[in-house]
Amino acid sequence: MAVSQQIGFQGNKSGSLKLIDLNLENNNIQSIVKTFTQFPQGLRALRLSNNKLSFLGSLETAPRLKILDISKNRMTTLDGLRVCSKLQ
């Protein structure tokens, strides 16, 4: 039986979500669907290490992203990182 899990982001009354660090390490994630790449504008750290990702879509919706951990995955391309000018 296949299990599908989705994560959505919704803002508060002012329309902004205060999520700055998202840790999804060690979750056996195989893909991130296109709709998932609508990250909160204030996101500064995205931790996806030790999953089964082979592709990461564009991160243009996370302009303040400074930390991205995609180690221990199956990445075949890093094209989605072109727009991440603030990565350390």
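L22 has L46, in strand β2, as its bridge partner. The model is predicted: local features need pLDDT of at least 70, side-chain atom pairs count only at pLDDT 80 or more, and totals for chains, interfaces and linings use all residues. Residues are numbered from 1 along each chain as its sequence is written, and side-chain values use heavy atoms, with hydrogens and water left out.

Strands here are DSSP runs of E with at least two residues, numbered from the N terminus. Two strands count as paired if DSSP finds at least two bridges between them. β1 and β2 (residues 45-47) pair in the parallel sense, over 3 bridges. The sheet is open and has 3 strands, in the order β1-β2-β3, with parallel pairing. β1 (21-23) and β3 (67-69) are the edge strands, and each pairs on one side only. On average, neighbouring strands of this sheet are turned by 5° against each other, direction ignored. These angles run from 0 to 180 degrees between N-to-C directions, and the axes are lines fitted to C-alpha atoms.

The segment after β3 holds N73. N73 is buried, with a relative accessible area of 19%. Buried means under 20% relative accessible area, with a 1.4 Å probe and protein chains only. The N73 side chain reaches the backbone oxygen of I70 at 3.0 Å. It also reaches the backbone nitrogen of K52, at 3.3 Å. With neighbours within four places in sequence left aside, N73 is in contact (heavy atoms within 4.5 Å) with L48, S49, N50, N51, K52 and L53.

Terms used
Helix = DSSP H or I, 4+ residues; strand = E, 2+ residues; numbered from the N terminus. Buried < 20%, exposed > 50% of the residue type's maximum accessible area, 1.4 Å probe, protein only. Polar contact = N/O pair within 3.5 Å; in protein donor to acceptor, adjacent residues only side chain to side chain.
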